[in-house]
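Q: I have a chain open here and would like to talk through its fold before I go any further. Could you walk me through it?

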Amino acid sequence: MTTAVGIKGHCAHCDITFELKPWQLNAIAIKEPFDCPYCQRVLHLSCPRQLRKLRTLDHWALVHPGMMVLTCMVLIVALVAEWVGLVSVIGQLNVSLVVVLVHGLALRYARYRQRLTLSLEAVSPVLPMEQLARIACARLSQQ
Ligand SMILES: [Zn+2]
C-alpha cells in the first residue's frame with residue numbers, strides 16, 4: 001500500500017477524524033486492531049462494506065503506475081509517427097490531447113476513490129468472547 005494516502009479514519013470513541021498512516025491501513029486491511037492516536041483506545045473497522053472498499057482501493061493503486069507508462073508510450077509513439085510522416089501535426093496533437101485528457105480523468109477518478117473516511121469503532125472488552133463465539137459458530141456451520 002504505497003499511494004493510499006488521504007484516507008481518513010474516524011474514531012467513534014473520541015469523535016476525532018485523523019489521517020491514517022500506511023501501517024494503520026495495513027492493520028485495518030488484515031483486520032488487526034490498533035490504538036487510536038488520541039484516546040489510545042483499541043480500534044477496528046467493523047463495517048465489511050468499508051473494508052471491501054479499502055481492499056479494492058489497494059488494487060486500484062497497483063493499476064496506477066501502468067497507466068502512467070501507457071500515457072507516456074502513446075505520447076512518444078504519436079510524436080515518432082509525426083516525425084516519420086505517418087500522421088499530420090494536427091493528427092499528432094489530437095492523439096496527444098485525447099491521451100492527456102484520459103489520463104487526467106483517470107487521475108481524478110483515482111483521487112475521488114481515495115477520498116474515504118473509515119468509521120473505526122473501539123474494541124469493547126467483551127470482544128474476545130464474541131470472537132470466540134463467532135469462531136465456534138463458523139466451525140459448527142462448516143461441519
Ligand atoms: Zn479515539
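A: What follows is a conversation about this chain, which is a predicted model.

Q: Okay, what does the secondary structure of the chain come to?
A: The chain has four helices and five strands, and along the sequence these follow the pattern β-β-α-β-β-α-α-β-α.

Q: And in what order do the strands sit in the sheet?
A: The five strands make an open sheet in the order β2-β1-β5-β4-β3, and the pairing within this sheet is mixed. β2 and β3 are the edge strands, each of them pairing on one side only.

Q: Which sense do β1 and β5 pair in, parallel or antiparallel?
A: β1 and β5 pair in the parallel sense, over five bridges. Ile7 stands opposite Leu116 in β5, and Lys8 has Thr117 as its bridge partner in β5.

Q: Then what about β1 and β2?
A: That pair is antiparallel, with three bridges between β1 and β2. Lys8, which has Thr117 as its partner in β5, stands opposite Glu19 in β2, while His10 stands opposite Thr17 in β2.

Q: How many bridges join β4 and β5?
A: β4 and β5 are joined by two bridges, and the sense of their pairing is antiparallel. In this part of the sheet, Leu43 stands opposite Ala122 in β5.

Q: Back to the hairpin of β1 and β2: how many residues lie between the strands?
A: There are five residues between the strands of that hairpin, and Asp15 is the one there with a positive phi near 60°. Asp15 belongs to the loop between β1 (7-11) and β2 (17-19), and its phi is positive although Asp15 is not a glycine.

Q: Is Asp15 buried or exposed, and why?
A: Asp15 counts as exposed because it has 9 C-beta neighbours inside 10 Å, and a residue is called exposed when that count is 12 or fewer.

Q: What does Leu120 touch?
A: Leaving out residues up to four places away in sequence, Leu120 touches Gly9, His10, Cys11, Ala12, Leu43, His44 and Leu45. Leu43, one of these contacts, is also a member of the core.

Q: Which residues of α1 are buried?
A: Gln24, Leu25 and Ile28 are buried in α1. They lie on the same side of α1, because they cover an arc of only 100° around the axis. In general, an α-helix has 3.6 residues a turn, so residues three or four places apart point the same way.

Q: How much of the chain is buried overall?
A: Buried residues make up 8% of the 143 residues in the chain.

Q: And how many of the contacts join residues at least 24 apart?
A: Among contacts between residues at least 6 apart in sequence, 67% join residues at least 24 apart.

Q: One last thing: how far apart are Thr56 and Arg113?
A: Thr56 and Arg113 are 57 residues apart in sequence, and their C-alpha atoms are 9.7 Å apart in space. Thr56 has its place in helix α2 (residues 48-84), and Thr56 counts as exposed because it has 11 C-beta neighbours inside 10 Å.

Key
Residues are numbered from 1 along each chain as its sequence is written. This is a predicted model: local features need pLDDT of at least 70, side-chain atom pairs count only at pLDDT 80 or more; totals for chains, interfaces and linings use all residues. A residue is buried if 20 or more other C-beta atoms lie within 10 Å of its own, exposed if 12 or fewer, and partly exposed in between; C-beta atoms are placed from the backbone. A nonpolar core is a set of buried Ala, Val, Leu, Ile, Met, Phe, Trp, Tyr and Cys residues joined through C-beta atoms within 7 Å. Two residues are in contact if their C-beta atoms, placed from the backbone, lie within 7 Å. Two strands pair if DSSP finds at least two bridges between them. The arc is that of the directions from the helix axis to the C-beta atoms.
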